[in-house]
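User: Hello! I am new to this structure and would like a short tour. Could you show it to me?

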Amino acid sequence: KAAMIFQYLALNPHKGFVPKDVLLELVWPDQDPAVTRKRFHVALHFLRRLLEPDLKRGQSSSYLLRRGDAYRLETGMDGQVDALCFAQALEQAQRHERSDESQALNCFLEAETLFRGELLPGEGDCQWLVDQRQMYQRMYLKCLTKIINHLKKLFYLTCCIAL
């Protein structure tokens with residue numbers, strides 16, 4: 001369950017601090033909150049120890065940040081989430097599409113190389129993960145379509161110039 005909390009926070013930094021109740025429902029859907037709260041704290045303790053083995057009791061984590069009853073994952077300056085890097089490269093490509101087609105194609109190609117296949121394979125089929133998998137699959141197919149369209153256009157222009 002600690003892994004699921006980590007994965008959700010890692011894949012959703014745009015949500016900021018995620019309320020504990022949201023995480024409880026994601027990890028233990030439709031279960032008694034009184035029971036799952038205890039499980040949640042055990043999972044968080046395990047996650048903190050995994051991320052920072054030398055963290056002292058009572059010391060705040062540098063990676064698992066807390067604000068009230070909400071949590072956020074801080075990856076640090078060198079930390080990256082490959083799925084988010086893929087999404088950022090795709091966004092960058094889309095920004096360049098109207099102004100610099102060559103740069104857009106390069107960004108689409110970069111995004112394609114960042115795609116690693118199914119998101120978190122073998123990690124279960126909870127609804128939020130299924131939704132994220134489908135979203136990234138759609139993004140990847142859109143990326144491939146854009147690459148094909150750019151290459152077709154480039155090929156067409158090359159053929160027209162050659163004639």
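Analyst: Let's begin with a term: buried means under 20% relative accessible area, exposed over 50%, and partly exposed in between (1.4 Å probe, protein chains only). This is a predicted model, where local features need pLDDT of at least 70, side-chain atom pairs count only at pLDDT 80 or more, and totals for chains, interfaces and linings use all residues. Residues are numbered from 1 along each chain as its sequence is written, and side-chain values use heavy atoms, leaving out hydrogens and water.

User: Is Asn-12 buried or exposed?

Analyst: Asn-12 sits in the loop between helix 1 and strand 1 (18–19); helices (H or I, at least four residues) and strands (E, at least two) are DSSP runs, numbered from the N terminus. Its relative accessible area is 3%, so Asn-12 is buried.

User: How many of the ten residues of helix 1 are buried?

Analyst: Helix 1 covers residues 2–11 and is mostly covered. Among its buried residues are Met-4, Ile-5 and Tyr-8.

User: What is the order of the strands in the open sheet?

Analyst: Two strands pair if DSSP finds at least two bridges between them. Strand 1 and strand 3 (residues 70–73) run antiparallel and are joined by two bridges. Strand 1 and strand 2 (64–67) are the edge strands, each pairing on one side only. The order of the three strands is 1-3-2.

User: Which residue in strand 3 is the bridge partner of Val-18?

Analyst: Strand 3 is joined to strand 1 by two bridges. For Val-18, the partner in strand 3 is Tyr-71.
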